[in-house]
Amino acid sequence: MSRDTTSTAAATEIAPGLIRIDTGYLRPAHTACYLVIDQGRAALVDTGVVHSVPVILEALAASGLDRSAVDWVIPTHVHLDHAGGAGPLMQALPEARLGVHPSGVDHLVDPGRLEAGVRALYGDAFFDREYAPLVPVDPTRIVALEDGAMVATGARQLQVIHTPGHAWHHLSLLDADRSVFIAGDAFGAGYPGYAEGAAPFLVPVVPPPQFDPDAYRQTLERIRDIDPRYVAPAHFPLIEAPRAAADRLQTLLDAAVDWTLECESLDDLQRRLVSGWAEALPAGADRAAFERDFGLDLWLTAEGLWHWRRKKARRASG
């Protein structure tokens, strides 16, 4: 496999028949989706936000494919940086079916409850700027993808792997022939500019409301057992040593869970998260720049961890 062999605008071929598309969400190299191509047919994994749709369609055209050549659109989960563009993409791709975890189907048919939750978390101004409008998907074009299901495009088979932890309704896709695991958010988020040699700096970004640390650990173990040669996450970069990366990621996850149980308030947890993750940065990294560049992720993860702690406390008292 050759890495980053060709590139046009936001699209980069990271393996034969596998195109990574920078969706442009928030900043460059923040969120990617993946175009899988075989024998003139294609599948799209993740959709970006509504503003990403023109970028994706441009990448499709640059790959020499007509819009009718797309067989599948598959959000790894329904968080809006991964599924917000699903509605308009399905309108633009006439032959595509939309595959999603069974628990995500209703949110794509009627995104009203999803919109309300995201507005409550981020506020109306952020939602309207980054995510609006959400477009429902015709339920007759949606396929609920069970764990182990096979999705075909051309002669290429992708295996659906349910990967809860970041969210209960999360799935990933394994391209066994090329030994690539397309992971969505199941394998953390990488922060360009803070890598140490060939080792990406990965953190477990875990927003509310579905974070589950036990499920997250089990997902990491399942990916270790699959032992792919590469992991292609939604939040950059291509991971070329997945086992070592999984170990580093789990260390940060376990520490974050411990901090969550120790802290007295959400504000305390966010400060502890900032300082703890900064301690894991490579030597010489600019901590102030790190906090500036990734403050939203840090805040979001603190919210997700605190939400998990409150749920845990309610279960213990009930």
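Trainee: How much space lies in the largest pocket?

Mentor: A pocket is an open set of points on a 1 Å grid over the protein atoms alone, where a 1.4 Å probe fits, with protein on both sides within 12 Å along at least five of seven lines. Here the largest pocket holds about 720 Å³. The model is predicted: local features need pLDDT of at least 70, side-chain atom pairs count only at pLDDT 80 or more, and totals for chains, interfaces and linings use all residues. Residues are numbered from 1 along each chain as its sequence is written, and side-chain values use heavy atoms, without hydrogens and water.

Trainee: Which residues line the largest pocket closest to its centre?

Mentor: Lining residues have an atom within 4 Å of a point. There are 36 of them, and H79, V118, P207, P208 and P209 are closest to the centre. The helix α5 (112-122) gives the most, 7 residues; helices are DSSP runs of H or I, at least four residues long.

Trainee: Which residues of α7 are buried?

Mentor: Buried means under 20% relative accessible area (1.4 Å probe, protein chains only). In α7 these are P213, A215, Y216, T219, L220, I223 and R224. An α-helix has 3.6 residues a turn, so residues three or four places apart point the same way.

Trainee: What is W277 in contact with, beyond its neighbours within four places in sequence?

Mentor: Contact means heavy atoms within 4.5 Å. On that count W277 is in contact with Y191, F201, V203, P204, L252, W259, F290, L298 and T301.

Notes:
Points joined across faces, edges and corners; volume = space filled by probe spheres on them. Helix = DSSP H or I, 4+ residues; strand = E, 2+ residues; numbered from the N terminus. Buried < 20%, exposed > 50% of the residue type's maximum accessible area, 1.4 Å probe, protein only.
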